[in-house]
Amino acid sequence: MFQSASLIWLLQRWAVPGLMMAIAVRQIVLAQTVGLSAWHGGGFGMFASVDRDERRLIKVEAMTCDGRQIQVDVQSSSSLLSQAERTRVMTVPREDLLHSVGQKVLTAPLTPSDRPSVYLAETSESAAIASAPVCLQTVTVQVWRPHYRRRLNQIWYAPVSSAIEVQL
Amino acid sequence: MIRALGSRWLQAVAHWLNQPRHLLILWLTAVLVTLQGLDELYLDQLPEKLLAALMLSVPQMLTSPIAWCGLAGLMVGSDIFFWWRLVNHEYLITYWVLVCAIAAFNQFSLKILAWNARLLIGLCFLFATVWKFIGGEYLDGSFLQLTFLADPRLAMGATWLGGIAETALQDNYSRLLEMQTTAALGPTPLNSSPLLSAMSVVLSYWTILIEGITAIAFLSPWPSGLFRHRDVCLLLFVITTYSVIPVFSFAAILLLMGLAQCPTRETFKSALYLNLFVLMPLWLPLPQAVFYLLRQLT
């Protein structure tokens, strides 16, 4: 009887604050290990870091079957990834998620963009104009995050995840 | 006319505060769950919003433990599935609904609500302060300076505090967008000013100070003077922060939990929390509105 009353008392007072502390500590650990954005995950790191997920970018480089090095845009106007997929990869750049992006790019139709050596990855359905298909040998996916220093007043990007290579 | 309106408003606030406090808290919580994030609604959040709206319209449901457990279950389920998408105040609102669900089995005891509200506020400020130390971008003013220069929501601060022209800010936004779209990742300078640079450092230390003090005030009964004046810290933080950075839901959950932990005998503070919560659509966007109006006029 006493034990049950103590347990209820404990639950009423410490269950939710305990959960909050556990999730916040998990978020801090994930931010330091897998590159989780400080703004997400329940660690109360928003308004402490310039590393917002929407400022991050997914950098995709590929080697074509004829040995050319190209860049693949999966962000701006590409339809390959849904908004939710893009947000998830940028916020939590886990290796399995990056690998899955690489696999998708490897088999996706690519259309040339208005920038040299940059292609847009599309879904099969949305690849409207049938240009010459681009055969890819390898795809490397990496998430980059912004950095800023007040004294330098410069912003620049650096990798926040490891570069994951996917081969045909 | 204005005096009569003010008098009727005060009567309404007094009426709300005179009803059982737990009912007021539950009602405001259901309002918050229904309205928060409506501007960017995800389908998975629809069931919890519908249930909260139903609890507001059926009085028996507002005090039903089953309804609160259902609401907590829906919110926890959605949060587990989409944890990477949520921002901090969404976690905080879910924690608070969990507290309401737990308290429901003890006749919504004010002691349980107040205890948890105090701890949740304190922990929120504690972790916010910890992040400002471990993030490595806050103590030298870097975070705030970039936020002023690159976040349109802080254009008011950049212009009024830092003297940055609107065209210079627009140029910064374009440069950042270009970096992201062209993947030009090398160092890029932004338009700034020495005044904004200095203000960023001052405001960084002010924020750390007020957040750190608020964390101590809510988590520790010592020093007793600080503990007694914890509401002043929280109210000062809410008013000074969210009038510059209008984040409705975060301000709302802090004010709601502030009211929940405020002793009922403290009528002035309770009324202040309630007024700020209910009048948020007026006072929170006011400075920004004045800023944009003045900008249009000039």
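This is a predicted model: local features need pLDDT of at least 70, side-chain atom pairs count only at pLDDT 80 or more; totals for chains, interfaces and linings use all residues.
Residues are numbered from 1 along each chain as its sequence is written, chains are lettered from A and ligands numbered from 1 in the order written, and side-chain values use heavy atoms, without hydrogens or water.

Now the fold. Chain B has 17 helices and 1 strand (DSSP runs numbered from the N terminus: H or I of at least four residues for helices, E of at least two for strands). Of its 298 residues, 53% are buried, meaning under 20% relative accessible area; over 50% is exposed, and in between is partly exposed.

So where's the nonpolar patch? On the surface, B:Trp160, B:Leu161, B:Leu286, B:Val290, B:Leu293, B:Leu294 and B:Leu297 form one, with about 700 Å² of accessible area together. Two elements of chain B give two or more residues each, α9 (155-162) and α17 (286-297). The largest share, 5 residues, comes from α17(B). To join a patch, a residue needs over 30% relative accessible area and no salt bridge; nonpolar side chains (Val, Leu, Ile, Met, Phe, Trp, Tyr) are joined within 5 Å, like charges within 9 Å. A salt bridge here is a Lys or Arg side-chain nitrogen within 4 Å of an Asp or Glu carboxyl oxygen.

Last one: B:Leu161 sits in helix α9 of chain B, and is partly exposed at 32% relative accessible area.

Technical notes:
Accessible areas come from the Shrake-Rupley method with a 1.4 Å probe; for residues, only the protein chains shown count as cover. Buried means under 20% relative accessible area, exposed over 50%, partly exposed in between (1.4 Å probe, protein chains only).
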